[in-house]
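Please read the report below alongside the sequence and the model.

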Amino acid sequence: MQKLKGFKLPHFFNYPPYFTLQPVRDTREKQIQLWKELILDYCKTQKIFVIGLEEEFPLFTNHAIERSLTHEARAAFLSALISEGRAEWMDKGHRKCLILWHRIQDWADILIQFAKDNGLEDGVVTIEEIRSGTESQGTELHGIDRTILNRALKLLEQKGKLVVFKGTSTDDEGVKFSL
Amino acid sequence: MAENCLPSVTLTGSGRPVLEPNEIECFFLSGVDLLCEDDPHTCFPHLKSGLLILTTHRLLWLPDSSAAGPASSSAAIPLAAISHIFSQKKSLRSVFASPRVRFQVSLSPEGRVAASGSRSVVATAVVRGKGDCDAFLTKFWENWRARASEEAESGSSSGSSASAVTATAAASSSGIYSSDGTVRMVGVSGILRKEQEMWESTDRSLQDAFQDLNALMSKAKEMVVLAEKMRLKLLSGSNSQTNATNDEEMGSKEEMQDWLLSVGIISPVTKESAGALYHQQLSRQLADFVKVPLERAGGIINLIDIYCLFNRARGTELISPDDLLQACSLWEKFEVPVVLRKFDSGVMVIQTKSHSDEEVLAKIKMLVMKPDALRAGVSAGDAARTLGVAPTMAKEHLLSAESKGLLCRDISPDGFRFYINLFPEIDRDDMYLVKDQGIYASWVQANHSRA
């Protein structure tokens with residue numbers, strides 16, 4: 001089986017029709033489902049948070065069989081993800097897509113777990129520390145996309161689980177938990 | 001019973017009048033009585049309810065084909081024998097009565113119709129059918145006048161049809177004037193004069209032609225009105241729930257339909273026109289014709305190809321695409337081994353009944369499971385070779401198989417290819433799973449070398 005940057009690809013990744021948007025309804029439904037799963041899996045393992053529709057995305061091209069997804073096909077699969085709530089357009093022009101291989105709610109739960117694991121129930125921590133600090137290493141939070149992190153924080157803020165405060169610069173932005 | 005003064009009309013085997021050379025039919029009126037109203041005792045017969053045909057030379061009366069009695073004979077009145085056409089008097093009575101056309105016919109002393117006879121009688125044509133009497137009258141006048149001037153031109157009463165002045169002047173005559181009174185063409189002046197005459201006659205005929213064009217245009221408008229009337233009559237006839245007991249009406253309606261068909265106007269009443277004799281005959285003929293090309297083409301052939309082949313074979317009396325469609329759709333009604341079929345893409349084909357879908361599908365499945373096809377898929381050309389049909393037909397079959405879920409398409413710079421549909425075989429919950437037996441396993445094995 002093929003690997004793409006360490007990610008194990010399923011056999012059907014080499015099936016040429018997989019890269020052509022199928023017109024027959026039932027076939028297309030299955031095709032879309034497989035692509036959604038594949039995209040989410042790949043992004044999760046590779047920690048990819050954003051897909052640019054017009055940019056090179058390794059999953060959308062299979063050099064072994066010389067097939068590539070058309071723009072239409074990419075848009076179709078991403079739209080399917082968006083309908084399911086697993087992705088969002090970041091811009092009006094629909095060029096960049098935010099991939100939520102964890103939903104925002106899931107990220108919120110992960111943050112809370114992080115706080116508990118590190119005894120930060122009442123503590124303060126900077127955003128940067130969450131993203132790249134020593135405590136976050138090895139966790140899913142490490143390298144998290146800023147947009148997603150902010151959304152998760154906002155969600156928790158609304159629930160009263162924490163407060164976000166701005167410092168003198170972006171580097172000083174921090175979070176005070178109150179779990 | 002007084003002797004019939006009118007000569008009869010020679011008819012062909014199917015009841016059409018035999019026309020004189022250069023004689024052209026100009027107008028038809030049905031349901032016409034021809035009689036002499038003023039003097040019922042003359043030799044002029046009372047002809048009831050027939051078809052009045054105005055030609056360039058004569059006025060013909062033919063008995064209605066469905067009229068009873070073989071004794072009803074036809075009659076012809078040379079336009080030359082008509083000395084006067086009366087203009088229609090518009091009176092209160094004429095509004096309610098059937099329109100009448102009255103004209104004076106000259107008779108020889110023996111009582112036969114003749115061009116310059118001493119006696120004369122006034123004949124009346126009573127138009128009881130639905131015909132445009134005014135238009136007829138106008139055309140009658142035109143033809144009558146044209147005939148009169150033609151007669152004058154030909155000069156002698158021997159009825160020679162050529163009226164152009166030729167250079168075949170009698171060699172025996174001398175002087176500028178030849179024996180028949182026309183100017184002889186001699187020498188340079190003769191040539192010049194000949195040129196001049198040619199110019200003048202061309203000019204005249206151009207003028208006439210334009211006159212004709214004007215006449216044609218006005219007729220065209222009338223034809224459209226006529227066609228509309230006929231169409232409405234047919235429509236109203238089919239809407240009302242009349243039983244077939246009204247045979248005469250049904251007969252004339254069929255006649256009208258046949259007329260419309262022959263002029264090329266499509267009958268508006270589709271349910272009835274499906275039974276039209278013309279289409280039935282055509283349908284059978286087509287079914288016979290189609291057998292050979294179908295075999296050659298492997299059991300399925302594009303409708304457009306049949307249209308070309310059939311018309312080419314016919315040579316004349318070509319059929320329109322609409323006729324072809326009608327003929328094909330009639331096949332369901334009789335036992336013919338061919339069917340018209342329309343694919344989702346809109347392509348229409350003729351198929352032998354034995355060239356069934358299941359058979360084709362099975363063949364395609366077999367083709368697509370071969371190792372080569374598992375690796376590289378199948379193109380329309382490949383399928384055409386296996387199925388023994390034209391590539392366009394093969395593509396239609398492949399598309400049809402795709403829509404049934406048997407195949408998947410692969411579009412790439414290499415072209416448009418089809419593979420066996422693997423998607424149903426892939427496990428929803430575990431995308432890495434490949435069952436031991438089955439299509440997916442075969443496919444993986446065939447592509448083993450790739451990975």
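The sections below cover the basis of the model, its salt bridges, its cavity and a surface patch.

## Basis of the model

This is a predicted model, in which local features need pLDDT of at least 70 and side-chain atom pairs count only at pLDDT 80 or more, while totals for chains, interfaces and linings use all residues. Residues are numbered from 1 along each chain as its sequence is written, chains are lettered from A and ligands numbered from 1 in the order in which they are written, and side-chain values use heavy atoms, with hydrogens and water left out.

## Salt bridges

Over all chains, the structure holds 18 salt bridges (a side-chain nitrogen of Lys or Arg within 4 Å of a carboxyl oxygen of Asp or Glu). One of them joins R67(A) to D414(B), with the closest N and O atoms 3.8 Å apart. This pair crosses between chains, from strand 5 (residues 67–68) of chain A to the loop between strand 11 (407–412) and strand 12 (415–420) of chain B; helices (H or I, at least four residues) and strands (E, at least two) are DSSP runs, numbered from the N terminus. R67(A) counts as buried at 8% relative accessibility, whereas D414(B) counts as exposed at 57% (buried means under 20% relative accessible area, exposed over 50%, partly exposed in between, with a 1.4 Å probe and protein chains only). R67(A), D410(B) and D414(B) are linked in a network of salt bridges.

Within chain B, R58(B) forms a salt bridge with E23(B), the closest N and O atoms being 3.0 Å apart. The pair links distant parts of the chain, with R58(B) in strand 3 (residues 58–63) and E23(B) in the segment before strand 1 (25–35), 35 residues apart, and both residues are buried. K291(B) and D288(B) also form a salt bridge, at 3.6 Å between the closest N and O atoms; because they are three residues apart in helix 6 (residues 277–296) of chain B, about one helical turn separates them. K291(B) is partly exposed, with a relative accessible area of 42%.

## A surface patch

On the surface, L206(B), F210(B), L213(B), L216(B) and M217(B) form a nonpolar patch with about 530 Å² of accessible area together. Such patches are made of residues with over 30% relative accessible area and no salt bridge, like charges being joined within 9 Å and nonpolar side chains (Val, Leu, Ile, Met, Phe, Trp, Tyr) within 5 Å; accessible areas come from the Shrake-Rupley method with a 1.4 Å probe, and for residues only the protein chains shown count as cover. M217(B) lies in helix 3 (residues 187–239) of chain B and is exposed, at 56% relative accessible area.

## The cavity

The structure holds one cavity of 30 Å³ or more (on a 1 Å grid over the protein atoms alone, a set of points where a 1.4 Å probe fits but cannot get out, with lining residues having an atom within 4 Å of a point). Its lining consists of D357(B), V360(B), L361(B), H397(B), S400(B) and K404(B).

Key
On a 1 Å grid over the protein atoms alone, a cavity is a set of points where a 1.4 Å probe fits but cannot get out, and a pocket is an open set with protein on both sides within 12 Å along at least five of seven lines; lining residues have an atom within 4 Å of a point. Grid points are joined across faces, edges and corners, and a volume is the space filled by probe spheres set on the points.
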